[in-house]
Amino acid sequence: QDYLQAMCKIIVESGGTLDKFIGDCIMALWNVPRHQKHHERAAVGAALDMQARLVELHAQWLIDGMPAIRFRIGINTDAVLVGNFGCEYRINYTVLGDGVNLASRLEAANKPFGTAALVADSTRSKAGSD
């Protein structure tokens, strides 16, 4: 609970929109439902802040005798479909498209590379290098 609260707070404070929880994954969006200037920078900044906050949480969990956890981040910028999708049984506000799939694949690619975050060039080039 501490983990999800801390990570979601960072996402929301950076202007992100919480889309859903998928297992232990938090899917977040920037630049929807409202236009957000410099959304690429905001998403990357949130990822860095989340990594720093996890280090702080690990310190407390160590004191409390709890295990540390790791997370992986994949960030991509692309045109996607945004809206309410579903069927008569269930509808969700979410995003669909190849750009979403690439972000998911970047997140998964962290594991074999031993990295914590991978950012697509489409995001990196617009977010800046500082």
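## Strands, helices and the model

Helices (H or I, at least four residues) and strands (E, at least two) are DSSP runs, numbered from the N terminus. Val 80 sits in the loop between strand E3 (73–75) and strand E4 (81–86).

This is a predicted model, in which local features need pLDDT of at least 70 and side-chain atom pairs count only at pLDDT 80 or more, while totals for chains, interfaces and linings use all residues. Residues are numbered from 1 along each chain as its sequence is written, and side-chain values use heavy atoms, with hydrogens and water left out.

## A nonpolar patch

Val 80 is partly exposed, at a relative accessible area of 31%. Buried means under 20% relative accessible area, exposed means over 50%, and partly exposed lies in between (1.4 Å probe, protein chains only).

Val 80, Val 82 and Tyr 93 make a nonpolar surface patch of about 200 Å². Patch residues have over 30% relative accessible area and no salt bridge; like charges are joined within 9 Å, and nonpolar side chains (Val, Leu, Ile, Met, Phe, Trp, Tyr) within 5 Å. The areas come from the Shrake-Rupley method with a 1.4 Å probe, and for residues only the protein chains shown count as cover.

Asp 19 belongs to strand E1 (residues 17–22). Is Asp 19 buried or exposed? Its relative accessible area is 16%, so Asp 19 is buried.

Contact means heavy atoms within 4.5 Å. Not counting residues up to four places away in sequence, Asp 19 touches Met 27, Ala 28, Leu 29, Tyr 93, Thr 94 and Val 95. Tyr 93 is also one of the residues in the nonpolar patch.

The side chain of Asp 19 also makes a polar contact with the side chain of Lys 20 (3.4 Å). A polar contact is a pair of N or O atoms within 3.5 Å; within protein, one must be able to donate a hydrogen and the other to accept it, and residues adjacent in sequence count only if both atoms are side-chain atoms.

## Salt bridges

Side chains of opposite charge can pair when their charged atoms come close. A salt bridge is a side-chain nitrogen of Lys or Arg within 4 Å of a carboxyl oxygen of Asp or Glu. How many salt bridges does the structure hold? There are five.

One of them joins the side chains of Asp 19 and Lys 20 (3.4 Å, N to O). Lys 20 is partly exposed, at 25% relative accessibility. Another salt bridge links Arg 53 and Glu 56, with the closest N and O atoms 3.1 Å apart. Arg 53 and Glu 56 are three residues apart in helix H2 (residues 39–63), so about one helical turn separates them. Arg 53 is partly exposed at 30% relative accessibility. Glu 56 is partly exposed too, at 48%.

Glu 107 and Arg 72 also form a salt bridge, and their closest N and O atoms are 3.2 Å apart. Glu 107 lies in helix H3 (residues 98–113) and Arg 72 in the loop between H2 and E3, so the pair ties together parts that are 35 residues apart in sequence. Glu 107 counts as partly exposed at 22% relative accessibility. Arg 72 is partly exposed, with a relative accessible area of 35%.

## Cysteines

A disulfide is a covalent bond between the sulfur atoms of two cysteines. Here the rule is a pair of cysteine sulfur atoms within 2.5 Å. By this rule the count is zero. Cys 8 is in no disulfide, and the nearest cysteine sulfur, that of Cys 25, is 11 Å away.

Cys 8 is buried, at 10% relative accessibility. Cys 87 is partly exposed, at 41%.

Gly 16 is in the loop between helix H1 (2–13) and E1. At 10% relative accessibility, Gly 16 is buried. Apart from residues up to four places away in sequence, Gly 16 touches Ile 11, Leu 29 and Trp 30.

Thr 123 lies in helix H4 (residues 121–127). Thr 123 is buried, at 0% relative accessibility. Leaving aside neighbours within four places in sequence, Thr 123 contacts Glu 40, Val 44, Ile 75, Asn 76 and Thr 77. With the side chain of Thr 77, the side chain of Thr 123 makes a polar contact (2.6 Å). Thr 123 and Asn 84 are 39 residues apart in sequence and 25 Å apart in space, C-alpha to C-alpha.
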